[in-house]
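Where do the helices meet, and which side chains sit inside?

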Amino acid sequence: MMTAAVPWSDVAARLRPFVARRVDASDVDDVMQDVLLRVHRGLGSVADETRFTAWMYQVARNAIADQGRVRARHPLADGCEAEPIFDEADAHAAETLLAACLTVFVARLPSPYREAVTLVELEGMTAKGAAELVGVSASGMKSRVQRGRARLREMLDECCAIALDVRGHVTEVAPKGSQCCAAATTARE
């Protein structure tokens, strides 16, 4: 366990050039803050003080890798600010319309899938709890939920044109045909 006080300015001075060579200039401060926080939290786990420097650089490499994964998953995090595509009223209207469609489509699912989706997705039960209630295995319940979701997605794709923003939020829902999702067209009016 580390017994000596850690001179944080020395740690930061040693790690900053290492981090700066591996991330964008705009991210250096964020990654450094993450590294210093991880080092501080992990000090108690360092058993061999002679390995502190190697451990510290490994913590920095892990933070750099994590930051790279975040960038890959969220491309807008690279400094570009997203412009709002819609206002709150439009978003609420789109979500209401989609909820009306989903209600109709869940009711149209075959019984085992309807039951699984209702219990797990709508009522918030765990797959294990729903499986015990219905009398199937947990993996069987998970399969039913996945197949039910897939069928719902197919029905939605056939019926509605759904526009999403870059973060995956619904911005617009428009029924494709007059007979698709009758609840959605009445909810719109």
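The report below goes from the overall fold to single contacts.

This is a predicted model, in which local features need pLDDT of at least 70, side-chain atom pairs count only at pLDDT 80 or more, and totals for chains, interfaces and linings use all residues. Residues are numbered from 1 along each chain as its sequence is written, and side-chain values use heavy atoms, with hydrogens and water left out.

**Overall fold**

The protein chain holds 8 helices and 2 strands. Helices (H or I, at least four residues) and strands (E, at least two) are DSSP runs, numbered from the N terminus. Along the sequence the pattern reads α-α-α-α-α-α-α-β-β-α. Of the 189 residues, 31% are buried. Buried means under 20% relative accessible area, exposed over 50%, and partly exposed in between, with a 1.4 Å probe and protein chains only. A contact means heavy atoms within 4.5 Å. Among contacts with a separation of 6 or more, 56% join residues 24 or more positions apart.

The axes of α5 (residues 111-122) and α7 (residues 138-159) come within 8 Å and cross at roughly 100 degrees. Axes are lines fitted to C-alpha atoms, for helices over the stretch in contact, and angles run from 0 to 180 degrees between N-to-C directions. The two helices are therefore roughly perpendicular to each other. Angles of 65 to 115 degrees count as roughly perpendicular, under 35 as roughly parallel, over 145 as roughly antiparallel, and the rest as oblique.

On the α5 side, the contact involves P112, Y113, E115, A116, V117, V120 and E121; on the α7 side, M141, R144, V145, R147, G148, R149, R151 and L152. By class, this contact has 8 nonpolar, 1 polar and 6 charged residues. Ala, Val, Leu, Ile, Met, Phe, Trp, Tyr, Cys and Pro count as nonpolar; Asp, Glu, Lys and Arg as charged; the others, Gly among them, as polar.

Helix α6 (residues 127-134) has A127, A130 and A131 as its buried residues. They cover an arc of only 100 degrees around the axis, so they lie on the same side of α6. The arc is that of the directions from the helix axis to the C-beta atoms. These buried residues pack against α5 and α7. K128, E132 and L133 are exposed on the other side of α6. Just after α6, G135 takes a positive phi of about 95 degrees.

**L152 and F105**

L152 lies in helix α7. It is buried at 9% relative accessibility. L152 touches F105, V106, L109 and V117, not counting residues up to four places away in sequence. F105 belongs to helix α4 (residues 88-108). Its relative accessible area is 2%, so F105 is buried. The C-alpha atoms of F105 and R153, 48 residues apart along the chain, are separated by 9.5 Å.

**Aromatic pairs**

The structure holds 2 aromatic pairs. Rings of Phe, Tyr and Trp (its six-membered ring) pair if their centres lie within 6.5 Å; planes under 30 degrees apart count as stacked, over 60 as edge-to-face and the rest as tilted.

| Pair | Centre to centre | Angle between planes | Type |
|---|---|---|---|
| F18 and Y57 | 5.0 Å | 85 degrees | edge-to-face |
| F52 and W55 | 5.8 Å | 40 degrees | tilted |

F18 lies in α1 and Y57 in α3 (residues 52-73), so their pair ties together parts that are 39 residues apart in sequence. F18 is buried, at 8% relative accessible area. F52 and W55 both lie in α3, 3 residues apart, about one turn of the helix. F52 is buried at 12% relative accessibility, while W55 is partly exposed at 22%.

**D27 and Q67**

D27 sits in the loop between α1 (8-20) and α2 (28-42). At 8% relative accessibility, D27 is buried. Leaving out residues up to four places away in sequence, D27 touches Q67 and R71. Q67 is in helix α3. With a relative accessible area of 18%, Q67 is buried. Q67 touches V23, D27 and V31, again without residues up to four places away in sequence.
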